Amino acid sequence: MSNNSAGNWLLSQNKFANKIGKKLSGKAITVSVTSGKGGVGKTSISIKIAKLLSEKGLKVLVIDCDYNLSNTFIKLNLPIKDDFNLLISGAKTFEECIYQEGNFHLLAACSGDLDLFDRDIHLDQFILNLLIQIEDRYDFIILDSPAGINKQAMTINAYSDYRFVVVTPDKSSITDSYSLIKILNKKYGVKENHLIVNKISSEAQYKRIVQIMSETVENFLASRLKIMGGITRNNRAIDIFDRELFDQSKDLHNDFCNIISRFTEESLGYCDDRHYTNLNYGCVDDLKHEVLN
Ligand SMILES: Nc1ncnc2c1ncn2[C@@H]1O[C@H](COP(=O)(O)OP(=O)(O)O)[C@@H](O)[C@H]1O
Ligand SMILES: [Mg+2]
């Protein structure tokens, strides 16, 4: 199948429709963590969410789709294992290439690999073929997307059951995410996305962003944006953030727990340890109610 035809075939098969309840079929629920802009927190969020789901006893795989600028191993403070090229060439199997820690599995990618740079990679085709082979082995597969709105990344986003669009209060992040949602909607017929607002400084700022994003998406794209919650900006030194991300005693951890509670409630139909804060609104109506009263 040629690169272009991967997207076309999926469109013809109506594979881009949301598949809520897919878990019942024994297949993994796929989640793309995406954004238009880089540096908004996709990799941090992908790994933390995967860790939290795996701690609930669910079997989770993270696939680093930023295939030659991989950061996942660095975030986890692990020695780099860049077998992605060997997996693509067929020299190693999937099992040989993944890092495993209990229920948490990770397929990292490469970092500036020269051979990989020279190859004509059809990432979307490769990832979709891989998903088809392994989706019955996992409960969740989290796809950590690269930045930007290239066709291959968009095809992977559109194929996923859920898209967690990550924005920060930066105006360019909001604009870029809107562009991403627009392309997904106009080119792939995607009608629903989930929003995570990262690096927020105040509740008022969070509410403002949720309102702007929700109203713009709903009014101009006839597309629905479900609000997953917000993550507070951690003002400690940049190198401390990665450590605090996995520290369960920090406020940061609670922000993620709220997002996970909301997500498991929606995707699996159960919810535990819910401790919603003001940074969590389920839908625009909740938010409007809050703003108007
Ligand atoms: N809530 C947050 N508070 C402070 N720094 C953050 C937060 N989320 C992410 N970061 C930092 O932002 C930078 C980019 O994060 P990363 O997860 O690599 O983003 P992306 O994958 O979107 O490029 C990293 O230095 C990370 O530590
Ligand atoms: Mg990243």
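Colleague: At what angle do helix α9 and helix α10 pack?
Modeller: Bear in mind that this is a predicted model, where local features need pLDDT of at least 70 and side-chain atom pairs pLDDT 80 or more, while totals for chains, interfaces and linings use all residues. Residues are numbered from 1 along each chain as written, with chains lettered from A and ligands numbered from 1 in written order. Helices here are DSSP runs of H or I, at least four residues, and strands are E runs of at least two, numbered from the N terminus. The axes of α9 (residues 171-188) and α10 (residues 203-221) are 11 Å apart, and the angle (0 to 180 degrees between N-to-C directions of lines fitted to C-alpha atoms over the stretch in contact) is about 30 degrees.

Colleague: Is α9 roughly parallel or roughly antiparallel to α10?
Modeller: The angle between α9 and α10 is about 30 degrees. Under 35 degrees counts as roughly parallel, over 145 as roughly antiparallel, 65 to 115 as roughly perpendicular and the rest as oblique. So α9 is, relative to α10, roughly parallel.

Colleague: Which residues of α10 does α9 meet?
Modeller: Contact takes C-beta atoms, placed from the backbone, within 7 Å. From α9, the residues taking part are I174, Y178, I181, K182 and N185. Their partners in α10 are I209, I212, M213, T216, V217 and L221.

Colleague: What about A222, buried or exposed?
Modeller: A222 is in the loop between α10 and β8 (224-232). Its phi is near 45 degrees, a positive value in a residue other than glycine. K199, in strand β7, also has a positive phi, near 60 degrees, but K199 counts as buried because 20 C-beta neighbours are inside 10 Å. A222 has 9 C-beta neighbours inside 10 Å, so A222 counts as exposed.

Colleague: Which residues are the closest to ligand 1?
Modeller: There are 17 residues around ligand 1, each with its C-beta atom, placed from the backbone, within 6 Å. Elements giving two or more of them are α2 (42-55), β7 (192-200) and α11 (238-245). The closest are G41, K42, T43, S44 and N234.

How values were computed. Two residues are in contact if their C-beta atoms, placed from the backbone, lie within 7 Å. A residue is buried if 20 or more other C-beta atoms lie within 10 Å of its own, exposed if 12 or fewer, and partly exposed in between; C-beta atoms are placed from the backbone.
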